[in-house]
Amino acid sequence: MQQGELKRGLKGRHLSLMALGAAIGVGLFLGSATAIKIAGPSILIGYLVGGLAIFIVMRALGEMAITNPVSGSFSRYARNFLGPLTGYLTGWTYWFMWIVTCMAEITAVGIYMHVWFPDVANWIWACSALIIMASVNYFSVKFYGEFEFWFAMIKIVTIVLMIISGLGAIIFGLGNHGIATGIHNLWLHGGIFPAGVSGLLMALPLVLFSYGGIEMLGIAAGEAKEPEKSISKAVNTVFWRILIFYVGALFIIMSIYPWNELGTQGSPFVMTFEKMGIPSAAGIINFVVITAALSSCNSGIFSTGRMLLNLSEQGHALAVFKKINKRGIPVPAITFSVIMLLIGVALNYLAPREVFVWLSAVSTFASIWTWIIILFSQLRFRAGLSAQDKAKTLLLVPLYPLSSILALLFMFGVLIIMLMQPELRGAVVVGLGWIGMLTLFYYLFGYNRQPALHREITQRASSH
């Protein structure tokens with residue numbers, strides 16, 4: 001294979017919608033009712049608070065990505081500022097997170113296609129989805145960016161239409177015989193905090209999981225055109241868009257319907273569109289959910305390929321994964337990830353359900369681990385900046401260091417809340433076990449005996 005280098009083919013609009021598409025997934029369309037059941041209308045406060053913490057994480061990532069835009073960003077930053085072991089743990093944990101996420105999304109495609117084609121086996125749709133998304137990732141990065149742009153646009157248009165039609169019902173009685181529904185459902189059924197503050201706290205893990213994927217903006221930094229401009233704009237706009245879509249959509253839904261009735265009749269989005277007199281609402285949302293699953297799979301293959309490339313460059317994976325073809329695609333790294341996904345899809349239909357509950361536990365733990373590492377890396381990164389460098393930085397974390405410290409405390413607080421809930425405790429326990437296993441491999445495979453490589457990478461980073 002001809003050795004090339006990654007191409008900077010991603011524009012600002014690609015970056016913004018990639019991160020947006022990764023964070024707005026199947027969970028909002030189908031799983032939002034679960035969070036509402038736990039916290040009631042106070043879940044809106046949860047999304048606001050959780051969103052602020054994620055905003056600090058994204059600004060922290062943006063600070064480092066603008067200064068040193070490399071593929072696999074936060075794994076490389078962890079190595080540079082926290083040490084090679086932390087970079088290794090973060091890279092492999094994030095790679096595994098997307099592998100498991102993609103397994104779930106591909107399997108979901110099969111389930112949702114079964115609604116329309118009940119005579120076709122689910123695994124055929126799952127494999128077809130994987131082959132198509134893998135093919136997209138073998139073309140130029142610009143082609144991947146365009147594909148993801150339009151996938152994300154479908155989700156965004158659906159949410160915007162739902163918010164507009166919902167406002168029509170709330171203000172003008174659209175779909176409700178001309179009688180304005182108002183927003184009294186937000187407090188009529190047990191108040192805004194029907195389960196108390198504890199209910200809101202218990203729902204925070206679900207809130208954070210909803211934001212998972214937004215950090216993939218950093219993975220694409222090494223292939224962004226004009227990274228200073230595009231990354232800065234994407235970081236600042238993506239957060240507000242996601243907040244508006246999540247909070248806005250759930251505000252509309254809980255205003256129109258009593259919160260304690262949601263989840264009893266399927267997706268809240270289907271219920272809202274049906275109320276507007278759209279008979280094919282279920283089919284529309286099924287299509288949107290399929291595109292959401294394909295979008296997540298597309299992002300996952302992109303992310304795993306780049307992270308594996310980065311791990312290989314750090315000496316923490318096979319050297320063959322460093323190879324890039326003349327179009328700027330890390331073909332061996334993507335191919336290995338796709339093979340793992342094929343095995344995963346096969347196991348998903350053969351292995352006991354418990355196996356995938358455990359794998360998903362590591363996946364959910366990995367998001368919070370990644371955000372914590374980003375915050376710690378940024379604290380060390382900022383401590384090493386001169387006053388002149390700080391003045392040049394286009395994207396600073398507001399109220400630093402207080403905001404970064406508060407965001408870290410929030411993340412650790414959510415982990416404690418997860419430990420208090422029997423159904424989520426396994427995610428933390430298995431996740432910590434995964435970190436322990438990786439640490440063991442780190443020393444068994446001799447990855448700790450590479451001080452020269454570490455010095456070279458660190459010196460290169462400090463020179464930027």
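Ile219 is buried in the predicted model, with a relative accessibility of 0% (buried denotes under 20% relative accessible area, exposed over 50%, and partly exposed the range in between, with a 1.4 Å probe and protein chains only). The residue belongs to helix H10, where helices are DSSP runs of H or I of at least four residues, numbered from the N terminus. Ile219 and Val70 are separated by 149 residues in sequence, yet their C-alpha atoms lie 7.6 Å apart. The model is predicted, and local features require pLDDT of at least 70, side-chain atom pairs count only at pLDDT 80 or more, and totals for chains, interfaces and linings use all residues. Residues are numbered from 1 along each chain as its sequence is written, and side-chain values use heavy atoms, with hydrogens and water left out.

Helix H10 (216-219) also contributes to the lining of a cavity. On a 1 Å grid over the protein atoms alone, a cavity is a set of points where a 1.4 Å probe fits but cannot get out, and lining residues have an atom within 4 Å of a point. Grid points are joined across faces, edges and corners, and the volume is the space filled by probe spheres set on the points. One cavity of 30 Å³ or more is found in a search of the whole structure. The volume of the largest cavity is about 30 Å³, and its lining consists of Met58, Leu61, Gly62, Ala65, Leu217, Gly218, Ile231 and Val235. Two or more lining residues are given by each of H3, H10 and helix H11 (227-256). Helix H3 provides the largest share, four residues.

Two salt bridges are present in the structure, the criterion being a side-chain nitrogen of Lys or Arg within 4 Å of a carboxyl oxygen of Asp or Glu. In one of them, Arg382 pairs with Glu63 at an N to O distance of 2.5 Å. This pair connects distant parts of the chain, 319 residues apart, with Arg382 in helix H15 (residues 353-383) and Glu63 in helix H3. Both partners are buried: Arg382 has a relative accessibility of 8%, and Glu63 one of 0%. A salt bridge also joins Glu313 to Arg76, with the closest N and O atoms 2.7 Å apart. Here the link runs between helix H13 (residues 281-313), which holds Glu313, and helix H4 (residues 73-82), which holds Arg76, the two residues being 237 apart in the chain. Glu313 is partly exposed at 32% relative accessible area, whereas Arg76 is buried at 8%.

At least two patch residues come from each of helix H3 (43-67), helix H8 (185-188) and helix H9 (196-210). Helix H3 gives the largest share, three residues. Val197, located in helix H9, is exposed, with a relative accessible area of 54%.

Buried residues in H14 include Val331, Ile334, Val338, Leu341, Val345 and Asn348.

Note on methods:
On a 1 Å grid over the protein atoms alone, a cavity is a set of points where a 1.4 Å probe fits but cannot get out, and a pocket is an open set with protein on both sides within 12 Å along at least five of seven lines; lining residues have an atom within 4 Å of a point.
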